[in-house]
Amino acid sequence: MKVYLNGKFVEQSKAVVSVFDHGLLYGDGVFEGIRSYNGLIFKLREHIDRLFESAHTIMLTIPLEKDELISVVKQSLRINRLRDAYIRLVVTRGEGDLGLDPRKCAQPTVFIIADKIELYPKKLYEEGLCLITVATQRNVPEALNPQIKSLNYLNNILAKIEAINAGYEEAIMLSPSGYVTECTGENIFLVKGKQLLTPPPFIGVLRGITRQTVMELAHHQRLHVQEELLTRHDLFNADEVFLTGTAAEIVPVVKIDGRVIGRGIPGRITKKLQQAFRQVTKTAGVTY
Ligand code: PMP
């Protein structure tokens, strides 16, 4: 596999960064996870825009223009002859000294890994996922805004560890006031009648690109889509619950904290949205 690293494509074994890179020392950097489906990159522009927004907020200048970055993403897929792929795009503050000061880092590190996509087990989509709420609260936007897709994922990892320790695969994270935010790497939705509800970004939620796509698809299906503050009670009493994310796509949820959701099987609207999502990934991406 060839990895793009600071302007060159190098063999995987040569794709190494310094131990003084602040991405490693402090999680000082930003990233994106992007997918391609059968030779089409899905929502590439949206991912690139979000990466630049994350970088802008942390005052990290990406040393490539958006169009140049798009072109190296495409090149990464072509060089590795990938049609169905997961692309990890990372920009770190770069190499510095042992202090936090970002001014000590002269040159950001940019790398792109394009690899085969590791699909989640089919069983997950057929049977649905059981979730638990964990004690680790989601970062509050006032401290570390989840819109910054940074290399600092310990908040999410701590929640993931709690879920795993309890025998679950995924965790629901709450805000300090107990409102539902999101899972460790996916957004969450509930269906109640003809309504599709999801927490608003201000509560501490990444504005997921899959989330946005699903909201648009649901709108086309004449569902009433709304961002709303949600409690665990709302989730427990929903007709359907599902998660969305680039890697996971749309995952049905059938049980939360021991409460059966709806009929305890993936719901009708979730399945319809999965179908519509599959369709849009087949046609809407950009070629390379
Ligand atoms: N929330 C978090 C915390 C995430 O890391 C991700 C995955 N990037 C998502 C939600 C889903 O976002 P997207 O649909 O853009 O992949």
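In this predicted model, Asp 49 and Lys 66 form a salt bridge in which the closest N and O atoms are 2.7 Å apart. The pair links distant parts of the chain, since Asp 49 belongs to helix α2 and Lys 66 to helix α3 (residues 66-79), 17 residues apart. In total, 15 salt bridges are counted.

The division of the chain places this pair in a wider setting. The protein chain is divided into domain 1, residues 2-115, and domain 2, residues 122-280. Between the C-alpha centres of domain 1 and domain 2 the distance is 27 Å. Where the two domains meet, 22 residues of domain 1 are in contact with 18 residues of domain 2.

The size of an interface is often expressed as the accessible area that is lost when the parts come together. For domain 1 and domain 2 the buried area is about 1600 Å², and carbon and sulfur atoms give 63% of that area. On the side of domain 1, the residues that lose the most area to domain 2 are Phe 31, Phe 42 and Arg 50, which together account for 37% of what that side buries.

Polar interactions also occur between the domains. The count is 9 residue pairs in polar contact between domain 1 and domain 2, with both residues at pLDDT 80 or more.

How many salt bridges are counted between domain 1 and domain 2? The count is 1. Arg 35 forms a salt bridge with Glu 249, and the closest N and O atoms of this pair are 3.6 Å apart.

For Tyr 153, an N or O atom in the side chain is 2.5 Å from an oxygen atom of the ligand. Thr 210 likewise has a side-chain N or O atom 2.6 Å from an oxygen atom of the ligand. With Glu 182, a polar side-chain atom lies 2.6 Å from a nitrogen atom of the ligand.

Note on methods:
Residues are numbered from 1 along each chain as its sequence is written. This is a predicted model: local features need pLDDT of at least 70, side-chain atom pairs count only at pLDDT 80 or more; totals for chains, interfaces and linings use all residues. Side-chain values use heavy atoms; hydrogens and water are left out. Domain bounds come from an automatic or database domain assignment. Contact means heavy atoms within 4.5 Å. Buried area is the accessible area (1.4 Å probe) that two parts lose on being put together, summed over both. A salt bridge is a side-chain nitrogen of Lys or Arg within 4 Å of a carboxyl oxygen of Asp or Glu. A polar contact is a pair of N or O atoms within 3.5 Å; within protein, one must be able to donate a hydrogen and the other to accept it, and residues adjacent in sequence count only if both atoms are side-chain atoms. Helices (H or I, at least four residues) and strands (E, at least two) are DSSP runs, numbered from the N terminus.
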